[in-house]
Amino acid sequence: MIIKIANLNLYYDKFQALKNVNLSIKENLITGIIGPSGCGKSTLLRVFNRMNDLIKNVKITGSILIDEKDIYSPVYDLILLRKNVGMVFQRPNAFPISIFDNVAYGPRVWGINDKKTLIEIVERSLAAVDLFDSIKDRLKDSALSLSAEKQQRLCIARLLAVEPQILLMDEPCSALDPIATGKIEELMLELKKKYTIIIVTHNMQQAARVADEVGFMLLGELIEFNSVKKIFTNPSDERTFGYISGRFG
Amino acid sequence: MKDKIAEKLLLFIAFSAIFSLLLITFFIFQQGIPLIFKIGLGNFFSTHWAPTRGHFGILSMIIGSLMVTTGALVVGIPFGLACAIFLAEFSSPVVQKTLKPIIELLAGIPSVVYGFIGIVILVPFIREHFGGPGFSVLAASIILGVMILPTIVSISYDALMAVPNTYREGSYAVGATKWQTVRMLLMPAARSGIVAGIILGMGRAIGETMAVIMIAGNALKIPHSILDSVRTLTSTLALELGYATGDHRAALFACGSFLFLIIILLNIIAIKITGRK
């Protein structure tokens, strides 16, 4: 049990975006969160690394424990949290600097400036996302010269470079074509051996392909949380059934 | 039909603006360049300026212009960048909406007012606390530094604001602090805009005349310290054009041509830097 959420409510000003969410996420599994647009799944994901802090007038109640520590407690180190809980975004956000500097960005933020160590980290991180062999000769090129899929891989490598425990993925394939999507999904299955992954997607088939456990959200509520098999073959809530069978969404 | 007339009229007005610019350019060069050929480049770039006796060397004024401009940048860049970074990254929207127009208002204050403040406050202060005449490179640098702030702040601010938010999120996502994000990601990402702002500020500092005449002292020699007084190219033009005749007048136009080329060059560099993305 690595993440445990109890009675989580989240308000943007007066609008309640998350309603009494309770959830446990297990180590080294891929947890998928599905639901129609506006159901709060991205908001929920952004609770785990406190990315919602960047938005004004957000109010959060309830408890979010990672390794049994409350990440919203005032004494919790936010910077350390962000390092331990990496996030991949909808659109690849490779920085407009060289490929090498993109991956070395995190380690440098954490004070690693030794050239040899940095090269090691960059090579290891790029290899972990199957990128190193194809771009090892052009590490000095701008990251923006890569294809969208490779940029997304690079963004994942950038996170791996600071050795997180948890990877949050916010629709990581929504800007990619089906072939690239398939490759990123393979990568997720590979990464799950070392990391705990939470993926938000409104592509139900994607959740069915990669996730071990799936939560279905609707209008800010977590309607059902079950194993992927149960959710997609025999859901216990009829709203879940309605969504996966395409009656709404 | 009415549209056609409006279109033609606007076209005519637009072209007359461009035409007058060309005319000015042509006039300055036509008046100035022949003298440079007459006395030779070597003499033109010497330090001996005695226009009534036929010596037209502008080097000490070039050095004067360079010194006050460099000084203005030394003052203006740190303050301007700090201000732009604070506004773009650290301040609340309310502070942003109040402070930015105020800083831009600085650009609207007539330069004679800056010069006046320099004479009344800055020059005596420097004279009493650092020595020298007070009318100095230092005084001119500080005043010019403030005068170029609006240019540096607003262009750098726009460049920082143009950096997509997804970059900031990506940076926070590996645990970077706000300041690390600014220093390691946003500044490099906005570099071209920031450099363009600095270059345009530099152009403003080189071209500024009135405030500099009032506080730089205008002594015609190469200064040895920042407390010495200097004369810039622009000051010379403004001070002497009123009574100059013949070759002297032509020499001032030659100065003008030289200034013109520098300003054009700076603007071209600024445009090239911002255009390349």
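At roughly what angle do the axes of helix α5 and helix α6 of chain B cross?

1. Basis of the note. This is a predicted model, in which local features need pLDDT of at least 70 and side-chain atom pairs count only at pLDDT 80 or more, while totals for chains, interfaces and linings use all residues. Residues are numbered from 1 along each chain as its sequence is written, and chains are lettered from A and ligands numbered from 1 in the order in which they are written.

2. Helices α5 and α6 of chain B. The axes of α5(B), residues 111-130, and α6(B), residues 137-147, cross at roughly 140° and come within 10 Å. Axes here are lines fitted to C-alpha atoms, for helices over the stretch in contact, with angles from 0 to 180 degrees between N-to-C directions. Helices (H or I, at least four residues) and strands (E, at least two) are DSSP runs, numbered from the N terminus. The angle makes α5(B) oblique to α6(B); under 35 degrees counts as roughly parallel, over 145 as roughly antiparallel, 65 to 115 as roughly perpendicular and the rest as oblique. The crossing is right-handed, a term for a near helix turned clockwise from the far one by less than a right angle, anticlockwise being left-handed.

3. Residues of that contact. On α5(B) the contact includes B:Tyr114, B:Leu122 and B:Ile126, and on α6(B) it includes B:Leu138, B:Ile142 and B:Met147. Residues are in contact if their C-beta atoms, placed from the backbone, lie within 7 Å. The contact has 9 nonpolar, 2 polar and no charged residues. In this scheme Ala, Val, Leu, Ile, Met, Phe, Trp, Tyr, Cys and Pro are nonpolar, Asp, Glu, Lys and Arg are charged, and the others, Gly among them, are polar.

4. Helix α10 of chain B and its partners. Helix α10(B), residues 191-207, and helix α13(B), residues 246-275, have axes that come within 8 Å and cross at roughly 170°, which makes α10(B) roughly antiparallel to α13(B). Among the contact residues are B:Val195, B:Ile199 and B:Ile206 of α10(B), with B:Ile262, B:Leu266 and B:Ile273 of α13(B). By class, this contact has 12 nonpolar, 6 polar and no charged residues. The axes of α7(B), residues 149-161, and α10(B) also come within 8 Å, crossing at roughly 165°; these two helices are therefore roughly antiparallel to each other. Their crossing is right-handed. B:Asp158 of α7(B) and B:Arg204 of α10(B) are among the residues that make the contact, which divides into 7 nonpolar, 5 polar and 2 charged.

5. Contact between the chains. Chain B places 15 residues in contact with 23 residues of chain A. On the chain B side, α8 (165-172) and α9 (178-189) each supply at least two residues. That side has 9 nonpolar, 5 polar and 1 charged residues.

6. Overall form of chain A. Chain A has 10 helices and 10 strands. Its radius of gyration is 18 Å, close to the 18 Å that the globule rule gives for 249 residues, so chain A is as compact as a globular protein of that length. The radius is taken over C-alpha atoms, and the rule is 2.2 Å times the number of residues to the power 0.38. Along the principal axes, the C-alpha atoms fill a box of roughly 55 × 45 × 30 Å.

7. The sheet of 6 strands in chain A. This open sheet has the order β6-β7-β8-β3-β9-β10, with mixed pairing; two strands pair if DSSP finds at least two bridges between them. Its edge strands are β6 (85-88) and β10 (221-227), each pairing on one side only. Neighbouring strands are turned by 15° against each other on average, direction ignored. Strand β9(A), residues 213-218, runs antiparallel to β10(A) and is joined to it by 6 bridges. A:Leu218 stands opposite A:Glu221, and A:Phe225 is the bridge partner of A:Gly215. The hairpin of these strands has 2 residues between them, and A:Leu219 takes a positive phi near 50°.

8. The sheet of 4 strands in chain A. A further open sheet has the order β2-β1-β4-β5, with antiparallel pairing. Strands β2 (15-25) and β5 (69-70) each have a single partner strand, so one side of each is left without a neighbour in the sheet. Strands β1(A), residues 3-12, and β2(A) are joined by 7 bridges and run antiparallel, with A:Tyr11 opposite A:Gln16.

Methods. Contact = placed C-beta atoms within 7 Å.
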